[in-house]
Amino acid sequence: SSAMARQSPHRQTARHPPLPNRQPTCHAQHQGADMPTRTIKQSLLALSLISTCGQAQALTCSASIPSLAFGSYSGTLGIPSDSQSTLTVTCSSLISILVSYSISLSAGNSGNTAARELRQSSNILNYNLYSDPLRTSVWGSGANAVSDGYLLSLLGVGIDRVYPIYGRIPAGQITAPAGSYSDNITVTIAY
């Protein structure tokens with residue numbers, strides 16, 4: 001049997017305007033659940049975005065991410081199904097500023113970042129998301145978040161930083177019936 005995942009052609013973006021009165025946090029969110037999807041016996045791993053900010057009002061950041069698609073999967077082949085997507089974070093400032101942030105990925109359907117699940121009704125395909133191409137470091141939150149920092153010195157010019165997200169459905173899941181499987185992951189960027 002096989003299960004498929006698909007990629008949506010849409011990008012999700014959250015942009016923060018400058019913070020009034022340098023308040024410690026602000027929130028903007030864009031959830032992927034309302035996105036139109038094509039049904040070609042494939043499913044969507046929707047990566048939604050929530051961004052939290054707390055730096056000086058001169059800094060603005062935005063993020064975009066295409067959906068991650070695994071394509072066809074067959075548990076009888078004895079090989080995992082791998083996929084990759086990229087998260088792009090763009091920050092700009094009116095002054096030179098040290099930018100630092102952490103990027104967390106939620107647990108999705110399973111509630112556990114160590115054992116994420118793609119679901120089709122009550123059927124499950126185990127999978128996970130990683131921060132390295134060897135797929136050894138699970139990307140989650142806290143100690144498993146990805147952090148970055150750099151000096152932003154080009155005044156008013158947005159600087160893109162790109163972070164690959166590596167996905168894997170482990171081999172040998174032969175009991176999963178054919179169909180469309182999905183998960184909804186929230187990406188949180190705290191800066």
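This is a predicted model: local features need pLDDT of at least 70, side-chain atom pairs count only at pLDDT 80 or more; totals for chains, interfaces and linings use all residues.
Guide: Residues are numbered from 1 along each chain as its sequence is written. Local features need pLDDT of at least 70 and side-chain atom pairs pLDDT 80 or more, while totals for chains, interfaces and linings use all residues, and side-chain values use heavy atoms, without hydrogens and water.

Visitor: How many strands does the protein chain have?

Guide: Helices (H or I, at least four residues) and strands (E, at least two) are DSSP runs, numbered from the N terminus. The protein chain has zero helices. Its count of strands is 14.

Visitor: What share of the residues of the protein chain is buried?

Guide: Buried means under 20% relative accessible area, exposed over 50%, and partly exposed in between, with a 1.4 Å probe and protein chains only. The protein chain has 191 residues. The share of them that counts as buried is 46%.

Visitor: Which residues form a disulfide?

Guide: A disulfide is a covalent bond between the sulfur atoms of two cysteines. Here the term is given to a pair of cysteine sulfur atoms within 2.5 Å. The structure holds one such link. Its sulfur atoms lie 2.0 Å apart, and the residues are Cys61 and Cys91.

Visitor: Where in the chain are Cys61 and Cys91?

Guide: The pair links distant parts of the chain, 30 residues apart. Cys61 is in strand S5 (residues 59-66), and Cys91 is in strand S7 (residues 81-93).

Visitor: Is Cys91 buried or exposed?

Guide: The relative accessible area of Cys91 is 0%. Because of that value, Cys91 counts as buried.
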